[in-house]
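Have a look at the structure first.

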Amino acid sequence: MYQAIIDEMNPILEQHAEDSDFITAFARGMMIFQILSVSQRPMTISDIAKVTSFPRATVRRGLYTLLQLGYVIQEDRYYELSSKILTLAHSYLASQSLPNIAQPILENMAREANAPASMAILVHNEIIYIARASVNNGRIIADTLTIGSHLPAYCSSMGRVLLAAEPTEKQLEILNKSQLRPYTEHTIYEIEALLKKFDEVKTQGYALINQELEIGLYSIAVPVFDKSGHTVAALNINIHSLQQQADEVVANNLPILQRAANLLTSFI
């Protein structure tokens with residue numbers, strides 16, 4: 001898991017050891033960042049020093065800097081990356097072809113459904129929004145979510161679609177790294193129940209969230225496939241419970257989502 005990073009970075013550090021324009025401390029900090037990004041659990045200074053062969057003082061300073069910048073969180077002796085890393089992808093994602101292709105399709109979805117429409121990808125244990133089209137329906141979640149926003153994957157409709165596409169081992173890895181908790185009385189957050197839900201989503205081809213993130217909010221999502229059949233993103237529509245009941249959410253919005261997903265697949 002870590003060896004690929006070591007094999008890539010160590011030759012670079014050695015090559016530029018005498019290069020006055022090369023900032024070795026920065027490179028070591030990036031290496032620490034990469035090690036944390038692939039770790040399946042929080043790590044101590046000793047853990048990172050052992051993996052990287054860096055002096056403990058070097059690791060401590062690197063972690064302290066990342067902590068002060070907000071990219072690392074600390075609990076007792078343990079360190080892990082924070083969700084702030086997702087914001088680093090914002091500008092990059094906004095410039096890529098998939099969000100650009102998706103945007104007019106999402107705008108058409110939002111008009112047709114009279115509800116916000118979004119596209120997201122899975123990053124670690126969260127989803128990050130890469131495209132979005134909103135309508136003014138007065139809901140907080142509709143007004144505040146933008147490109148670069150993130151939500152927990154386990155209890156969001158797009159997250160469940162994306163997790164359903166992963167093998168069970170990967171699902172468990174992601175769930176074990178998530179802070180599973182109820183956002184409302186309807187939130188499904190027990191691991192066994194979530195694994196069953198992922199199977200259900202994979203079988204039926206869509207995910208419906210019934211007020212699990214916000215009381216009064218339904219969310220329905222479908223996967224977006226590339227031409228080889230791999231899930232590359234998810235699309236969703238958010239509906240207020242005063243507008244439609246659960247069965248109506250599926251009947252009215254699933255066809256819109258499926259048409260949009262099929263259209264996107266034809267372009268990628």
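Between which two helices does the loop that holds S53 lie? S53 is in the loop between α3 (45–52) and α4 (56–69); helices (H or I, at least four residues) and strands (E, at least two) are DSSP runs, numbered from the N terminus. This is a predicted model, in which local features need pLDDT of at least 70, side-chain atom pairs count only at pLDDT 80 or more, and totals for chains, interfaces and linings use all residues. Residues are numbered from 1 along each chain as its sequence is written, and side-chain values use heavy atoms, with hydrogens and water left out.

**Backbone angles**

Most residues other than glycine have a negative phi. S53 has a positive phi, near 65°, and N114 also has a positive one, near 55°. N114 is found in the loop between α6 (97–113) and β3. S53 is exposed, because its relative accessibility is 63% (buried means under 20% relative accessible area, exposed over 50%, partly exposed in between, with a 1.4 Å probe and protein chains only).

**Salt bridges**

The whole structure holds 5 salt bridges, each a side-chain nitrogen of Lys or Arg within 4 Å of a carboxyl oxygen of Asp or Glu. Three of them are listed here.

| Pair | Closest N to O |
|---|---|
| R41 and D47 | 3.3 Å |
| E212 and R160 | 2.6 Å |

R41, in contrast, is partly exposed at 46%, and D47 is partly exposed at 22%. K197 and E200 are 3 residues apart in helix α10 (residues 191–204), so about one helical turn separates them.

**The largest pocket**

How much space lies in the largest pocket? The answer is about 780 Å³. Its lining has 32 residues, and the closest to the pocket centre are E80, L81, N125, E126 and K177. A pocket here is an open set of points on a 1 Å grid over the protein atoms alone, where a 1.4 Å probe fits, with protein on both sides within 12 Å along at least five of seven lines; lining residues have an atom within 4 Å of a point. Helix α9 gives the largest share of this lining, 4 residues.

Technical notes:
Points joined across faces, edges and corners; volume = space filled by probe spheres on them.
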